[in-house]
Amino acid sequence: MRKAVLILAIVIGTIVIGLRFLRASAQENMPVRIVHSQPLFQAASTTGRSLYSARLIGAPVIDGQVSDWPALPSIELNRNTAYSFSGRVDSLSDLSAVIRSGWDDNHLYFAIQVKDDVLVADSTDVWRDDGVEIGLDGLYDQYAWGWDDHQYTIVVDGRTADRGVLTKDIRAAVLATEDGYNIEVAIPISKLLPGVPISGTVMGFTVGIHDDDDGGNWDAYLIWEGTNTNSRPDQFGSLIFTERPEDRLAALEAKVIELERKMQELLRILREFEQLTPP
Ligand SMILES: [Ca+2]
Ligand SMILES: [Ca+2]
Ligand SMILES: [Ca+2]
Ligand SMILES: [Ca+2]
């Protein structure tokens, strides 16, 4: 038994060294040219516009500070880029947003930086205040009412809802800034997909933003793709999951190192057990 564990430990050690070598040579051979499993900026064969979501090696801290995010592709939502535009928006500083996305095995993340000159949260209904809506069709089946379909709202006061009903399913933080507010949100992958995402996974995706500047109902509403964020995923844009090969290696290496740690723990327990067993 102990011999088998030792052999397994040696095999895992060899894998770790091999992965490190692969990673080092990948970095050595690709000093400037980064090859992506899915091109980060090229259009994919999807309807509407796309946001590219990149695999994150370190999970962002969900605190509203977006300085822990790497430089990633983003989309802008404002009165010029919105597919749907209702109400009145006087300027980009009255209402606009920049949206980035990342993912790992367990969560889909968004960092949303909103410009809004007057922050208001006075209504019971989440859609009547300043806030952002994220429409997701996890299975990308363009059917709106499956377990994979969500309209997550994050209100400027920190409330979170799914299809207008308050929920704790997602973890979000809102931080007021000089010219608006930042949102950071972590959505469990289990709400969107069976298993884990891979590079090339595509979801239906849109984002909406409400502006309330004087209390009561909203004054302006922008939607990036589509006429609403909850019932017409056939009109949504898409979210395309990407992963750099070196990040895939890093993720794999982290898993093997964790396995190695567990093996060391098992060996330690075996040694203790041997010391307790009479010869
Ligand atoms: Ca953060
Ligand atoms: Ca309101
Ligand atoms: Ca669906
Ligand atoms: Ca406002």
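Predicted model: local features only at pLDDT ≥ 70, side-chain atom pairs only at ≥ 80, totals over all residues.
Start with β4. The strand covers residues 96-103. Is β4 mostly covered or mostly open? Mostly covered: 7 of its 8 residues are buried.

Now its pairings. Take β1 to begin with, residues 50-55. β1 and β4 run parallel, with 2 bridges between them. Look for Ala54 there; Gly102 of β4 sits opposite.

Next, β2, residues 74-77. β2 is antiparallel to β4, and 4 bridges connect the pair. One place to check is Ser74, whose bridge partner in β4 is Arg100.

Then β5, residues 107-115. How many bridges join β4 to β5? There are 8, and the two strands are antiparallel. Ser96 faces Lys115 of β5. Together β4 and β5 make a hairpin, with 3 residues between them.

On to the loop. Most residues other than glycine have a negative phi. Two residues here go the other way. Tyr140 is not a glycine, yet its phi is positive, near 55°. Gln142 is not a glycine either, and its phi is positive at about 60°. Where are they? Tyr140 is in the loop between β6 (131-137) and β7 (149-155). Gln142 is in the loop between β6 and β7 as well.

Buried or exposed? Tyr140 counts as buried because it has 20 C-beta neighbours inside 10 Å, and the cut-off for buried is 20 or more. Gln142 has 14 other C-beta atoms within 10 Å, so Gln142 is partly exposed.

Definitions and conventions
Residues numbered from 1 in each chain as written. Chains lettered and ligands numbered in written order. Buried ≥ 20, exposed ≤ 12 C-beta atoms within 10 Å, placed from the backbone. Pairing = 2+ DSSP bridges.
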